[in-house]
Amino acid sequence: MNWSLFFNLLANGLVLGSIYALIALGYSMVYGILKLLNFAHGDVFMIGAFIGFFVLQGLGGAGNLSVPNWVAISLMFLAAMAGCGALGMVIERFAYRPLRNAPRIAPLISALGVSFFLESTALLLFSARFRNYDPNFRLVSFDSGVTIGPVFVSSLRILTVALTLALMVVLTALVSWTRTGKAMRATSFDREAAAMMGIDVDRVIVWTFVIGSALAGAAGVMFGLVYGQVYHLMGFNAGLKAFTAAVVGGIGNIPGAMLGGMLIGLAEAFATGYLPQGSTFVDLYVFSLLIVVMLVRPSGLLGTRAIQKV
Amino acid sequence: MALPERPDVRDRPSIGVDEWVARHGERRVRRTGRLAPAFRAVERIPPPARIAPFVALAALLPFLTSSDYVISVGFDTLIYVLLALGLNVVVGFAGLLDLGYIAFFGFGAYAYAEFSSKQFHMHWPTWGTVPIVMVATALLGLLLGLPSRRLLGDYLAIVTLFFGQAFVTFVSNANRITPPGHSGPVDFTGGPNGIPNVDPWNLFGLKIGSTKGYFYLALVIAVVVMLALYFLKESRTGRAWRALREDPLAAELMSMPVNRLKLLAFMFGAATAGLTGTVFAAYQQGVFPSNFDVPLLITIYAMVILGGTGSLVGVAIGAVTINVLLEILRTADQARFVFYGFILAGLLRFLRPLWALAAVLAGAAIFGIALHELVPHVVSGATGGTAEGGGWLSRAAHAWVLLPKNGTLVGNYCYVGLVGLVLLLVLLRGALRLVLLAPVLYLAAFVWENRLVQEPSITRLILLGAILVVLMNARPQGLLGTARVEIV
């Protein structure tokens, strides 16, 4: 067995999995509270990547920055997270809140419309061409890094995975220990009962959208840094995979989304390396994985089977 | 001291069940006045016969025009009508969100192409291919629905969406697969280049070769499908679907086989899409992966939603409206008429009293003329942009709207601002809304003239997305659908 290839794929999978996990968290949190599949989430990720891109351009571009590298990277992440958080808030206010009591299919179609609207708006504003984020990896050098065993792991990859882990820790702390987090858990458990206990459900929902979208924004900047290119349709595919990740992990479940994201990322990386024509048919392999999980454990790996009450 | 609003005021249904039934009955009885005899006469005609005048009108189209372009648009419209009718079975009758619908359309088209092209040197007669393709598509739908059968509708949505994506990936890459037990790769689908030279429909020796022929073929199929779906809708199964859509749990308690019904709806939708695919592939004389992309899915959803989910005639009207609209939006001059026409119609419909309407229009006109005269003196480069199109409306618009030199950039910024302002307008109430409306109208015209009219293909997509969101918020039942009974 070729261990060098194995570890390289492992590193690739972890990086990809980090990005998927961050997006999946947004899907899962919103689903947990509203029982709504937010199709527009993948496009929020795309907008985040573009915000990062324009901040980078505004600071002079990757080659000749007017500020130190770490300041530029922090600014990109902060701007993308803030921008996407605001975008998530607007989407919730105008596309989903008026439909809170509508038949189940109505918000889904509204979400589809928002997704398409964001995609075509990006096409209008940014045109269809690919934008080079950081062509020669000048922000975080690709050559520096550490050697673990037989493989060399670049600092860019370490940064991505570490930042994802940090965000997840922050999120977990937020959900477990703050008042808003407690309100979120209560709302997710039973929205009506939470409202009766005096929880402002609307505020909780807005916070959920803001946090989820901010995480997607961070994922967008990571994607740009690692893969170098951003374009208007990148949200669809990444959103679909993250969505799968949320379902595989157990939708509505926060640790499940993290686990599912990592699993899908690793599965994609290993499928590319080991399965026949992996790089071409990677989508089909991930799709089969989704079908298998749905057949074996319909509520996802960490999900609990919901008992429907009348 | 003002009392605070009740916390659940928005979540409470506006009327109850009994009240809804009473109002519904009243509306039916109430039809009096001058047009009452006409309404009653229409109601006496059996519903399947009511489409006859529309069909006759459509059948006359090739006699009214000699332009092949118009007939091909007519054919496209009929294809959309068929696709929308099929999707309506899944979304409208049974209330399932099927986002892989286009893949069934594509599967039908590709399957027809495999059996009637040089790909495998098979040239089967159409009367044999089409039923096989329909059954195969329905079985594919069944296979795809099976893993989701235990789950909520949401899981079906994600599985089908992914399936649609996987289908496109598969057909774009299945030109060099090595099947087990076979030496060397086999070209299944022609990859990104698709399958060219697909045979025309061949019905017992009658080859359909012209656009006109396909138009009539599609018309006949559309009528047959529509009648079949009408009887299906009124059948036991159709009523069960509606019960399932309104409340799956209650339907299950009434001992309806919920899972089987879901799968059945799924299969009917898939079979309709497959049938449509065969006509499409034969008309286009080829199939390409790019024919079956996400924008088509959104277009068909917009059609079904606009017409009113569940209503057959409504869905057909939605399909015709949207396709004709999108076709008109292709050229700048016609698009301009549609754009200003819609704005004017919207204002006429929603802005009351009339003096407010007059004030807003006058305000927008004066605001625009003032800007048009003043800004060029203050900002250099505020004029000199290229004007798109001609005609009196274009000249009038350009006398009013500024065309800056770098219109693309300014237009982009203004587009973002416009979206923000329109959203703000939704929140505002009363006089403030009226005051803001005039500048927003001007801004909309500015963005339109500088940016949107130059990118008709993107404008179409933006409009489709906006239609879905706005319709869901304003009128979820669509134009001709019946409002849902609120259950308290």
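Helices and strands here are DSSP runs, numbered from the N terminus: a helix needs at least four residues, a strand at least two. The model is predicted.

**View 1. Chain B holds 19 helices and six strands.** This chain has 488 residues, and 39% of them count as buried. Take its contacts between residues at least 6 apart in sequence. Of these, 75% join residues at least 24 apart.

**View 2. Chain B is divided into two parts, domain 1 (44-328) and domain 2 (334-454).**

**View 3. Chain A has 11 helices and four strands.** Its radius of gyration is 19 Å. The globule rule gives 19 Å for 310 residues, so chain A is as compact as a globular protein of that length. Along the principal axes, the C-alpha atoms of chain A fill a box of roughly 60 × 45 × 40 Å. Buried residues make up 53% of the 310 residues of chain A. Contacts in chain A can also be sorted by sequence distance. Among those between residues at least 6 apart, 76% join residues at least 24 apart.

**View 4. Chain B meets chain A: 45 residues of chain B are in contact with 44 residues of chain A.** Four helices of chain B each supply at least two residues to the side that touches chain A: α7 (153-173), α12 (294-307), α17 (407-427) and α19 (456-474). Which helix gives the largest share of this side? It is α7(B), with 14 residues. By class, the side of chain B that touches chain A has 31 nonpolar, nine polar and five charged residues.

**View 5. The largest nonpolar core has 236 residues.** The residues with the most contacts inside this core are A:Ile23, A:Ala218, B:Ala84, B:Ala265 and B:Leu468. Helix α1 of chain A, residues 3-34, gives the most to the core, with 18 residues. Why does the core lie between the two domains of chain B? Domain 1 (44-328) and domain 2 (334-454) both give residues to this core, so it lies between them.

**View 6. A close look at B:Ala265, one of the residues with the most contacts inside the core.** Set aside its neighbours within four places in sequence. B:Ala265 is then in contact with B:Val89, B:Val90, B:Phe93, B:Ala94, B:Leu96 and B:Trp241.

Technical notes
Residues numbered from 1 in each chain as written. Chains lettered and ligands numbered in written order. Predicted model: local features only at pLDDT ≥ 70, side-chain atom pairs only at ≥ 80, totals over all residues. Contact = placed C-beta atoms within 7 Å. Nonpolar A, V, L, I, M, F, W, Y, C, P; charged D, E, K, R; others polar. Domains from an automatic or database assignment. Core = buried A, V, L, I, M, F, W, Y, C linked by C-beta atoms within 7 Å. Buried ≥ 20, exposed ≤ 12 C-beta atoms within 10 Å, placed from the backbone. Rg over C-alpha atoms; globule rule 2.2 N^0.38 Å.
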